[in-house]
Amino acid sequence: MANQFPSDGSAAKKVKITASCFMGLSHLLYLRDYIKGIFFALCELIFIACLPITVGKLIGLVTLGSPHPELPIKKRDNSVFMLIDGILILVIIAIFVIVYLMSIKSAEKEYGEYCRTKRFKSQKESLDSTLGSSFPIVGLAPAFVMVMVFVVVPLIFSVAVAFTNYSDPAHIPPNNTVDWVGLQNFKELLTGHNNWSIGFARIALWTLVWAVLSTATCYFGGLLLAVQLKEINVKIAPIFRFVFILPYAVPSVVSMLVWKNLLNGTFGIVNRTLQALGLLSTGQTIPWLGDPTWAQFTCIIINLWAGAGYFMLLSMGTMTAISQDMYEAARIDGASKWQILRKITLPLVLYQTMPLIIMSFAHNVNNFGAIFFLTGGSPTVADSTTTMAGGTDILVTWIYKLTITLMKYNYASVIAVIIFIVLAPFAIFNFKNTKAYKEGEL
């Protein structure tokens, strides 16, 4: 049958249909590639043998279990495990589909090679060709599987929780089951007229203000320091650079906790110093961390102290790449230092550092340490009793409180999804503007 197999391309459809009906069937029946055929056939046979388990896990993913109060807790359905198992099964099915498509493409490719050479490959030639062409796939396969299991599955699980009622106290496994609720959590947080929606709107607005101001102050503060240190003509300029970078070099958990004590409204050294200098009367204090507005202002200022050094070094490094001939020509034309900064330095530095500014904005949206270790989200506001969100909490610190304290995993997942939707375009834009992406090489 193999000797009579047409080599004019007329059997291409037959090869494709046969390969589509069962993995490796075309390799075994028509193409005489028994090694590939047996490998692909074994993959499908194993998948078929595991179908009862697969179907059971998929049913568990849909139902997330049933409550059985009559059973001991250890024997009840655990909705979280069923959700994770179901997602893992979906990933395995996706990998199987990819291998299935690869088997079809392989059959089409081998038939095209047969039509070109008018002969079948020997088993040794086929094995050598397979080992050579599949080496990149084999090399990347373990990393691909690990990414799917340890990256994709947790991400899908986090997103899936947003569409469930996984929360305390009525829906925490294994004592109770979890149910799919669709977009109910999104509606309650985004459009509900309750403390949760009010708290979310307040925190989302403050998160946006915090991200914009903290990025802008750190960037332009660092740029101003870089310009001043570049223009200063003293031998101790390197010492100033070292001093300004120290706040960035010290771990934020240490520096923020120190500032938290320094700015304490009752016994903090800042207020006591102002009183000693006569700027505050005895007994008068500034509520640096006790009033919501003052606390938000303080967070931005302390973040400026901690982050300006990084942008100072970044700006200085960029400024050294600017040709000195441009500055000299500007001075000859009578440009002032302000005009040189505005027309030459600032545009060129912005052009080089814009992707980093975008990523800094994304970082500040999720800047957990700067808020949590400085204020802990305090002070309390009107909706804090219900939502546990304080006046300086940003979305990421609120997620921490929702999961650790209130165990509102469904609401926390909704917020995480919203953060991803907002930040993903910034990350994609930043990546697409890198040189490696545009030129296709590193």
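Predicted model: local features only at pLDDT ≥ 70, side-chain atom pairs only at ≥ 80, totals over all residues.

Trainee: Why is D383 called buried?

Mentor: Buried means under 20% relative accessible area, exposed over 50% and partly exposed in between, with a 1.4 Å probe and protein chains only. D383 has 6%, so the residue is buried. D383 is found in the loop between helix 16 (368–372) and helix 17 (384–387), where helices are DSSP runs of H or I with at least four residues, numbered from the N terminus.

Trainee: What makes the link between D383 and R202 a polar contact?

Mentor: The definition asks for a pair of N or O atoms within 3.5 Å; within protein, one must be able to donate a hydrogen and the other to accept it, and residues adjacent in sequence count only if both atoms are side-chain atoms. The side chains of D383 and R202 are joined at 2.9 Å.

Trainee: Why is the pair Y114 and F120 called stacked?

Mentor: Rings of Phe, Tyr and Trp (its six-membered ring) pair if their centres lie within 6.5 Å; planes under 30 degrees apart count as stacked, over 60 as edge-to-face and the rest as tilted. For Y114 and F120 the centres are 4.2 Å apart and the planes at 10°, so the pair is stacked. Y114 is buried at 7%, and F120 is buried at 15%.

Trainee: What makes W294 and F297 edge-to-face instead?

Mentor: Their planes are at 85°, with 6.1 Å from centre to centre. Both residues lie in helix 13 (residues 292–319), three residues apart, about one turn of the helix. W294 counts as partly exposed at 34%, and F297 is partly exposed at 45%.

Trainee: How do you know that K230 lies over the face of Y327?

Mentor: A charge sits over a ring if NZ of Lys or CZ of Arg is within 6 Å of the ring centre and within 35 degrees of the ring normal. K230 is at 4.9 Å from the ring centre of Y327 and lies over its face.

Trainee: Which helix gives the largest share of the lining of the largest pocket?

Mentor: Helix 5 does, with 13 residues.

Definitions and conventions:
Residues numbered from 1 in each chain as written. Heavy atoms only, no water. Helix = DSSP H or I, 4+ residues; strand = E, 2+ residues; numbered from the N terminus.
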